[in-house]
Amino acid sequence: EWDRWLLMGLIGTAVGMLGFLIHQIIDSLIKLKWDLVENYLQVSKRNNLYLSTGQDGNIHMTWLCALGLGLAMVVLSSGSVLFICPAGSPSGLPEIIGYLNGTSIQHLFNIKTFLGTFVSCVLAVASGLFCGPEGPMIHLGALLGCGLSQLQSDTLGIHLPLFTRFRNSADKRSFITAGAGAGIASVFRAPIGGLLFTLEEVSSFWDIRLAWQTFFCCLMATFTTDLLSSSLYGFFYRGHFGFFEAEKRIIFWVKNLLDMNVLAFIPTILLGMLGGLLGALFVSLNIKINKLRMQFFNSIPKLSLRKLIKSLRTVLCSFSCQSGVWKKFSCTRCWLHFPCSSEWGSAAALLIENGKQGITYLFKRGTHEEFGYTSLCTALAFYFILSCWTAGSAVASGLVIPMLYTGALYGRIIGLVLVSIFGVQTNEYGAWIDPGLFAAIGAASFFSGVSRLTISLTVIMVS
């Protein structure tokens with residue numbers, strides 16, 4: 001079995017390198033976008049406030065610059081899957097689950113699908129759409145698991161005489177399962193979470209040998225991503241090779257831990273019920289939206305025109321996500337560098353930052369009054385509606401970050417209600433009344449309400 005373990009290690013290493021590359025490109029594109037936006041912002045210090053104006057004194061030029069860059073990325077993202085690899089347009093997870101349970105899907109594991117999904121994923125996340133890279137990473141991990149185990153490609157005309165004994169449907173599904181688990185492990189830096197995710201969500205056929213091999217694959221993926229991230233940031237070497245900083249290794253780093261009180265279970269139960277209800281509403285709305293989409297597109301006779309309209313509809317979705325946020329929350333202070341004290345500025349900081357950074361803001365401990373009711377409720381309405389609309393668009397995108405973000409928003413609202421009732425508690429007994437704590441619980445509740453995951457989600461959240 002040494003060759004099977006060797007392949008599992010190679011697949012995990014390849015998925016880890018791919019995960020690192022995706023996150024580096026996304027971060028670089030986001031930085032590039034805001035660097036270009038800042039060319040329209042002249043920051044000057046006045047009365048200890050940083051006021052931002054455009055080059056012509058007009059914030060609208062800044063808005064047009066950000067909107068144009070975001071729409072250009074969405075056009076390329078949507079076009080790459082619609083016209084190059086239609087199999088890569090969804091998140092990829094339902095297709096992988098279907099394949100592992102006996103459904104044959106054409107062009108699901110070829111090189112064009114891999115390239116199209118990769119390009120679409122990085123552009124969609126960097127553009128500002130309310131989505132994340134998790135679903136496409138599962139698909140890309142499964143693609144690597146399939147390709148490296150079979151070592152053959154009809155598209156490229158490659159048929160290597162290596163590992164030929166694995167060229168059967170049973171072994172192929174085992175390596176695809178391991179690759180999918182490595183994809184989720186690389187994203188969340190949680191090898192046990194990746195293993196449990198494949199056990200709970202992906203595969204229906206399981207044995208203890210496959211469990212150990214999948215865990216080894218997930219472990220290699222996480223180690224590779226962490227190792228590369230320790231030394232490179234934005235493709236620049238930082239001189240810390242092999243130094244695993246906790247803040248960089250844990251995706252939603254929380255510095256100050258809190259002692260729990262039995263009374264905290266009362267709002268926790270409320271958050272669990274709220275997560276289930278809102279999760280059911282989210283799924284129901286998304287199903288209805290996608291049914292209306294399919295009815296509309298099926299009424300169009302020509303396939304090329306149908307694809308063009310799908311792409312334009314995705315661009316319209318992006319326009320709504322970015323235009324609505326900018327028009328509503330254009331703040332005269334420079335939220336690009338400093339937190340804004342106004343309610344609208346706080347909401348703008350939550351919505352315009354990328355999803356992972358926004359979740360980190362919401363999880364932060366000791367910030368009881370940093371975000372008010374207006375900013376949290378407005379951001380919740382925007383994120384819930386627009387992420388529901390974005391899901392199912394013609395781009396390779398995931399729902400995990402939007403689910404965590406939505407749950408964190410209403411969790412922090414519940415925490416803020418408790419602070420309003422009991423006040424800011426500085427004593428050790430009442431320190432659990434912290435909006436950041438309930439933001440983390442709310443994130444898990446909405447994620448669980450939508451995905452109906454329990455064990456793997458708990459491990460991912462506390463890893």
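Buried, in this talk, means under 20% relative accessible area, exposed means over 50%, and partly exposed is in between, with a 1.4 Å probe and protein chains only. The model is predicted, so local features need pLDDT of at least 70 and side-chain atom pairs count only at pLDDT 80 or more, while totals for chains, interfaces and linings use all residues. Residues are numbered from 1 along each chain as its sequence is written, and side-chain values use heavy atoms, with hydrogens and water left out.

The chain first. It has 463 residues, and 51% of them are buried. There are 17 helices and six strands, taken as DSSP runs numbered from the N terminus: H or I of at least four residues for helices, E of at least two for strands.

Now R452. It sits in the loop between α16 (435-451) and α17 (455-462). R452 counts as exposed because its relative accessibility is 73%. Beyond its neighbours within four places in sequence, R452 contacts E200 and F447; contact means heavy atoms within 4.5 Å. G279 is 173 residues away along the chain, yet its C-alpha atom is 9.0 Å from that of R452.

Last, a helix pair. Helix α6 (residues 169-188) packs against helix α8 (residues 208-231) at about 40°, with the axes 8 Å apart. Axes are lines fitted to C-alpha atoms over the stretch in contact, and angles run from 0 to 180 degrees between N-to-C directions. On the α6 side, the contacting residues include G181 and A185; on the α8 side, C217 and A221 are among them.
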